[in-house]
Amino acid sequence: MRLHQLTLSSPMTSQRGIAFLLSAVLLAGSGAPANAQYTGGTTYLGSYSTPAPKKPGNLEELVTDMKKGGYVIVLRHGATNADQADTDPFHLDNIGSQRLLSEQGRDVAKRVGDSFRALGIPFGEVYSSQFNRATETAELVSGKSPMTTADLTEGGLVVSPAENARRAKVLKTLATIVPETGTNTLIVTHKPNILDAFGKDWFDGKEGEASVFKPDGSNNLVLVARVQAADWIRAGSGQ
């Protein structure tokens with residue numbers, strides 16, 4: 001399937017355009033070779049415009065700009081219970097068999113969401129993995145019900161390497177799509193997806209860490225900052 005119909009050069013990408021990208025890749029089938037879905041104009045060819053800093057140089061300046069919209073926040077889900085595991089990954093509606101957010105994870109995610117609202121950072125589209133720890137994080141942070149998709153779901157050993165690679169390409173592409181005017185896009189996913197999509201610099205990425213991208217209308221990934229949950233909370237409290 002060719003995706004050359006979707007262009008990233010416009011200053012504004014509609015909800016329909018983003019939905020088209022997700023549905024087109026899903027319809028291509030999980031068994032297809034990873035490159036088959038990206039033979040057209042949306043193939044990722046760019047590079048990071050800046051190195052990946054551990055913290056932004058000036059979070060206050062970043063927050064001021066994010067109030068205007070135009071950013072994509074790729075968020076690793078919040079802190080989880082270390083004594084749990086995903087024991088039934090083929091049935092994602094079986095929440096009791098999943099590793100879930102811990103009480104601390106829920107509290108921190110809620111406080112991050114409270115900070116975004118206190119800072120006046122608006123969200124438009126919200127996407128998440130199908131695992132509960134991701135959807136719950138997305139809801140607590142954004143205050144909205146996310147669009148859940150297999151494209152952002154951790155595949156691990158239960159899907160093929162080609163399918164894991166395809167999901168990484170979807171995540172990478174979503175990070176280059178300009179949000180609706182005046183809004184920011186939130187994407188909540190997992191460390192393996194983030195690592196596959198963005199590279200080894202994310203090996204030490206923590207639960208709740210946000211990678212903030214500023215799409216420039218091209219296929220390039222423009223990384224602005226990596227921000228920890230505690231930094232958003234401090235900014236929201238005025239500290």
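**Sheet.** I began with strands β2 (residues 123–128) and β4 (residues 184–189), which pair in the parallel sense over 4 bridges. Strands here are DSSP runs of E of at least two residues, and helices are runs of H or I of at least four, numbered from the N terminus. Two strands pair if DSSP finds at least two bridges between them. I looked up Ser 128: its bridge partner in β4 is Val 188. The whole sheet is open, has 6 strands and mixed pairing, and runs in the order β3-β2-β4-β1-β5-β6. Its edge strands are β3 (147–148) and β6 (223–227), each pairing on one side only.

**Ground rules.** I noted that this is a predicted model: local features need pLDDT of at least 70, side-chain atom pairs count only at pLDDT 80 or more, and totals for chains, interfaces and linings use all residues. Residues are numbered from 1 along each chain as its sequence is written, and side-chain values use heavy atoms, with hydrogens and water left out.

**Helix α5.** I checked the length of α5 (residues 161–174). At 1.5 Å a residue, its 14 residues should span 20 Å, and the end C-alpha atoms are 20 Å apart, which agrees. The expected span is 1.5 Å times one less than the number of residues. I then checked cover: 10 of the 14 residues of α5 are buried (under 20% relative accessible area, 1.4 Å probe, protein chains only). Among them are Glu 163, Arg 166, Arg 167 and Lys 172.

**Confidence.** I read a mean pLDDT (the predictor's confidence in each residue, from 0 to 100) of 80 for the protein chain, with 76% of residues at 70 or more. Over residues 1–18 pLDDT stays under 50, and the model has 44 contacts (heavy atoms within 4.5 Å) beyond four places in sequence for them. Residues 23–56 are also below 50, with 83 contacts beyond near neighbours in sequence. Where pLDDT is low, the predicted coordinates should not be read in detail.

How values were computed
Buried < 20%, exposed > 50% of the residue type's maximum accessible area, 1.4 Å probe, protein only.
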